[in-house]
Amino acid sequence: DAFVQSPEQQAQFVDKSKARIFVGDPLLYWRLTPGLVNARWDRNLVTTNAQGLRYPTAVGRKRPGTVRIACFGDSVTFGFGVPLLPDGASPTDLDPSRKPYSALMEEWLRAANPGRSIEVIPYAVPGYSSHQGLAWMAREAASIDADVVTACFGWNDIGRRNITDSDTMPTSRLNVL
């Protein structure tokens, strides 16, 4: 509420029913709320793990032999609208094959590599710019231990603004403190 005050920006974070899926973050300004279970937000069902990632299990140390892919991004990587919950529909009405691309990639890679441990983890939050993604990657890089990192940002970088994200969201230690 303190950082996102204009009605146009609020519309991106709070849906028509005033549902919220975000909490504050001192470095990134907002992130997904940890521990959501089928939260309804802007016709999306959102479930997050204890770390606030839209991933079914907690992400810990990478086990030996595991291939880990970290997908950083905005609403596209998050899977905004996947699956889309029609008005009046219940979660049981959803097509279980409709998943964000990171979940599909994990499924396909596991099917193509039977017996291999593969994780494709979405580090993705709607509304993030590449500035936030870079700050998040830098903060998490050591603990992720990814074999491959992808980044998919764009729409939130091209909006007309009077001041850049790097100016409005400085990532220095003092500013984050």
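What is the relative accessible area of Tyr-29? The value is 22%, so Tyr-29 is classed as partly exposed (from 20% to 50%; buried is under 20% and exposed over 50%, with a 1.4 Å probe and protein chains only).

The model is predicted, with local features requiring pLDDT of at least 70 and side-chain atom pairs pLDDT 80 or more, whereas totals for chains, interfaces and linings use all residues. Residues are numbered from 1 along each chain as its sequence is written, and side-chain values use heavy atoms, without hydrogens or water.

**View 1. The whole chain and its order of elements.** The chain contains 6 helices and 7 strands (DSSP runs of H or I, at least four residues, and of E, at least two, numbered from the N terminus). Read from the N terminus, the elements follow the order α-β-β-β-β-β-α-α-β-α-β-α-α. Of the 177 residues in the chain, 39% are buried.

**View 2. Tyr-29 and Asp-145, two residues with positive phi.** Tyr-29 belongs to strand 2, residues 29–32. Its phi is near 80 degrees, a positive value in a residue other than glycine. Asp-145, likewise not a glycine, has a positive phi of about 55 degrees. The position of Asp-145 is the loop that joins helix 4 (130–144) to strand 7 (148–152). Because its relative accessibility is 40%, Asp-145 counts as partly exposed.

**View 3. The surroundings of Asp-74.** Asp-74 occupies the loop between strand 5 (67–73) and helix 2 (75–78). With a relative accessible area of 1%, Asp-74 is buried. Its side chain reaches the backbone nitrogen of Val-76 at a distance of 3.1 Å. Once residues up to four places away in sequence are set aside, Asp-74 touches Ala-124, Val-125, Pro-126 and Tyr-128, together with Cys-152, Phe-153, Gly-154, Trp-155 and Asn-156.

**View 4. The largest pocket and its lining.** The lining of the largest pocket is made up of 25 residues (a pocket is an open set of points on a 1 Å grid where a 1.4 Å probe fits, with protein on both sides within 12 Å along at least five of seven lines; lining residues have an atom within 4 Å of a point). Nearest the centre of this pocket lie Arg-54, Pro-56, Lys-99, Pro-100 and Ala-103. Two or more lining residues come from each of strand 4 (44–46), helix 2, helix 3 (101–112) and strand 6 (118–124). The greatest contribution to the lining is that of helix 3, which gives 5 residues.

**View 5. Leu-104 in helix 3.** Leu-104 is a residue of helix 3. Beyond its neighbours within four places in sequence, Leu-104 has contacts with Ser-97 and Lys-99. The C-alpha atoms of Leu-104 and Val-120 are 9.0 Å apart in space, while the two residues are separated by 16 residues in sequence.

**View 6. Arg-110 in helix 3.** Helix 3 also contains Arg-110. The relative accessibility of Arg-110 is 39%, and the residue therefore counts as partly exposed. When neighbours within four places in sequence are left out, Arg-110 is in contact with Tyr-55 and Ile-118.

Terms used: Polar contact = N/O pair within 3.5 Å; in protein donor to acceptor, adjacent residues only side chain to side chain. Contact = heavy atoms within 4.5 Å.
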